[in-house]
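This report describes selected features of one protein model, beginning with a helix pair and then turning to individual residues. Please refer to the sequence and coordinates shown below while reading.

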Amino acid sequence: PEAESQEYIDSQAENVSWLGWQPAQVTHSSDYFPKLYELAIKLITDGNAYVCHQTSEQVKASREAAKAGDLAAANSPWRGRTVEENLAEFEKMRLGLYGEGEATLRMKMDMSSTK
């Protein structure tokens, strides 16, 4: 929550209230970073996630290619990295060695099911 401004947090609370809901508990994703990190490592070691360096424009183009049935163009060029390479790249992400948006953890989904 240190990185989030109070204005942003208050806005979310107002939106929830406007919808007629009252939260039973207010939490922040940072409260769960250790568990989220553990789950990310498991996804990588199980071969279900990879570190990708595509730009948002390239990801969008990949999704459009998948919708058009061009599965070869739909896959990220970094999707085929080994588990060891992905673990090393994810560690670089954890250490802050990439700028915002330079690397993301992506699920290895079936690109043919995006229609």
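## Packing of H2 and H5

H2 and H5 are roughly antiparallel to each other. In this predicted model, the two helices pack at an angle of about 155°, and their axes are 9 Å apart. The assignment as roughly antiparallel follows because the angle lies over 145 degrees. H2 passes H5 in a right-handed crossing.

On the H2 side, the contact is made by Tyr37, Ala40, Ile41, Ile44 and Thr45. H5 contributes Val83, Asn86, Leu87, Phe90, Glu91 and Arg94. Sorted by class, the residues in the contact of H2 with H5 comprise 7 nonpolar, 2 polar and 2 charged.

## The aromatic pair

How many aromatic pairs does the structure hold? There is 1 aromatic pair in the structure. Its members are tyrosine 37 and phenylalanine 90, which are stacked, with 5.6 Å from centre to centre and 20° between the planes. Tyrosine 37 belongs to helix H2 (residues 33-45) and phenylalanine 90 to helix H5 (residues 83-94), so the pair ties together parts that are 53 residues apart in sequence.

Phenylalanine 90, at 11% relative accessibility, counts as buried.

## Lysine 35 in helix H2

Lysine 35 is also placed in helix H2. With a relative accessible area of 44%, lysine 35 is partly exposed. Lysine 35 and alanine 74 are 39 residues apart in sequence, and their C-alpha atoms are 30 Å apart in space.

## Serine 76 and glutamine 54

Serine 76 is located in the loop between helix H4 (71-74) and H5. Its relative accessible area is 6%, so serine 76 is buried. When residues up to four places away in sequence are not counted, serine 76 touches Tyr50, Cys52, Gln54 and Arg106.

Glutamine 54, one of these partners, lies in the loop between strand S1 (49-52) and helix H3 (56-67). Glutamine 54 counts as buried because its relative accessibility is 9%, and the cut-off for buried is under 20%. Not counting residues up to four places away in sequence, glutamine 54 touches Val59, Ser62, Ser76, Pro77, Trp78, Gly101 and Arg106. Between glutamine 54 and glutamate 100, the separation is 46 residues in sequence and 12 Å in space, C-alpha to C-alpha.

## Lysine 108

Where is lysine 108 found? Lysine 108 sits in the segment after strand S2 (104-107). Its relative accessibility of 29% places lysine 108 in the partly exposed class.

Leaving aside neighbours within four places in sequence, lysine 108 is in contact with Gly47, Asn48, Ala49, Tyr50, Arg79 and Arg81. Lysine 108 and glutamate 89 are 19 residues apart in sequence, with a C-alpha to C-alpha distance of 16 Å.

## Serine 5

Serine 5 lies in the segment before helix H1 (6-18). Serine 5 is partly exposed, its relative accessible area being 39%. Along the chain, serine 5 and glutamate 84 are 79 residues apart, and 37 Å separates their C-alpha atoms.

How values were computed. Residues numbered from 1 in each chain as written. Predicted model: local features only at pLDDT ≥ 70, side-chain atom pairs only at ≥ 80, totals over all residues. Heavy atoms only, no water. Phe/Tyr/Trp six-rings, centres within 6.5 Å; stacked < 30°, edge-to-face > 60°. Helix = DSSP H or I, 4+ residues; strand = E, 2+ residues; numbered from the N terminus. Buried < 20%, exposed > 50% of the residue type's maximum accessible area, 1.4 Å probe, protein only. Axes fitted to C-alpha atoms, helices over the stretch in contact; angles between N-to-C directions. Parallel < 35°, antiparallel > 145°, perpendicular 65-115°, else oblique. Left-handed = near helix turned anticlockwise from the far one by under 90°. Contact = heavy atoms within 4.5 Å. Nonpolar A, V, L, I, M, F, W, Y, C, P; charged D, E, K, R; others polar.
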